[in-house]
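We'll take the chain as a whole, then go helix pair by helix pair.

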Amino acid sequence: MLTPSPQDLRVALARYADARIEDARRSTAATCRAVEDAAYTLCVMTGTQAVPQALHVADTMLGMRTTVSPVLRRPGGAPRGDSLQRA
């Protein structure tokens, strides 16, 4: 399997997140298709067959499992317990 660049992986993750948000806001055939397309892309890029696996692998590939983004930190440096869930 070819390993995607971090930038390409971040773009695919953002595309998936944007598609999910738009579909949750106003679900149409087009938004459902956008979610399916973005999910398929993530699965292909990560060599997985399901979105939860793809998100886990993408996070691991980007090193997100060992570090907490500054955005997810509370004042004082402690990680937040209410981080976003992806499905």
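Among the contacts in the chain with a separation of 6 or more, 47% are between residues 24 or more positions apart. Keep in mind that this is a predicted model. The chain has 3 helices and 0 strands, and from the N terminus on its elements run α-α-α. Of its 87 residues, 25% count as buried.

**How α1 packs on α2**

- The axes of α1 and α2 come within 8 Å and cross at roughly 155°.
- Angles over 145 degrees count as roughly antiparallel, and α1 and α2 are therefore roughly antiparallel to each other.
- The crossing itself is left-handed.
- On the α1 side, the contact is made by D8, L9, A12, L13, R15, Y16, A19, R20, E22 and D23.
- On the α2 side, you'll find T31, C32, A34, V35, D37, A38, A39, T41, L42, M45 and T46.
- Sorted by class, the residues of this contact come out as 12 nonpolar, 3 polar and 6 charged.

**A closer look at A12**

- A12 sits in helix α1.
- Is A12 buried or exposed? Its relative accessibility is 7%, so A12 counts as buried.
- Leaving aside residues up to four places away in sequence, A12 touches T41, L42 and M45.
- A12 and A58 are 46 residues apart in sequence, and their C-alpha atoms are 9.6 Å apart in space.

**How α1 packs on α3**

- Helix α1 covers residues 6-25 and helix α3 covers residues 51-61; the two pack at an angle of about 140°, with their axes 11 Å apart.
- That angle makes α1 oblique to α3.
- This crossing, too, is left-handed.
- Which residues meet here? From α1 come L9, L13 and Y16, and from α3 come V51, L55, A58 and M61.
- By class, the contact of α1 with α3 has 7 nonpolar residues, with no polar and no charged ones.

**How α2 packs on α3**

- Helix α2 spans residues 29-46, and its axis comes within 9 Å of the α3 axis, crossing at roughly 55°.
- With that angle, α2 is oblique to α3.
- The crossing of α2 and α3 is left-handed.
- A39, L42, C43 and T46 of α2 make the contact with V51, A54, L55, V57, A58 and M61 of α3.
- That contact has 9 nonpolar residues, 1 polar and no charged ones.

**The buried face of α3**

- V51, A54, L55, A58 and D59 are the buried residues of α3.
- Why do they line one face of the helix? Seen down the axis of α3, the buried residues fall within an arc of 130°, so they line one face.
- What covers the buried residues of α3 includes α1 and α2.

Methods. Residues are numbered from 1 along each chain as its sequence is written. This is a predicted model: local features need pLDDT of at least 70, side-chain atom pairs count only at pLDDT 80 or more; totals for chains, interfaces and linings use all residues. Side-chain values use heavy atoms; hydrogens and water are left out. Axes are lines fitted to C-alpha atoms, for helices over the stretch in contact, and angles run from 0 to 180 degrees between N-to-C directions. Helices (H or I, at least four residues) and strands (E, at least two) are DSSP runs, numbered from the N terminus. Angles under 35 degrees count as roughly parallel, over 145 as roughly antiparallel, 65 to 115 as roughly perpendicular and the rest as oblique. A crossing is left-handed if the near helix is turned anticlockwise from the far one by less than a right angle, and right-handed if clockwise. Contact means heavy atoms within 4.5 Å. Ala, Val, Leu, Ile, Met, Phe, Trp, Tyr, Cys and Pro count as nonpolar, Asp, Glu, Lys and Arg as charged, and the others, Gly among them, as polar. Buried means under 20% relative accessible area, exposed over 50%, partly exposed in between (1.4 Å probe, protein chains only). The arc is that of the directions from the helix axis to the C-beta atoms.
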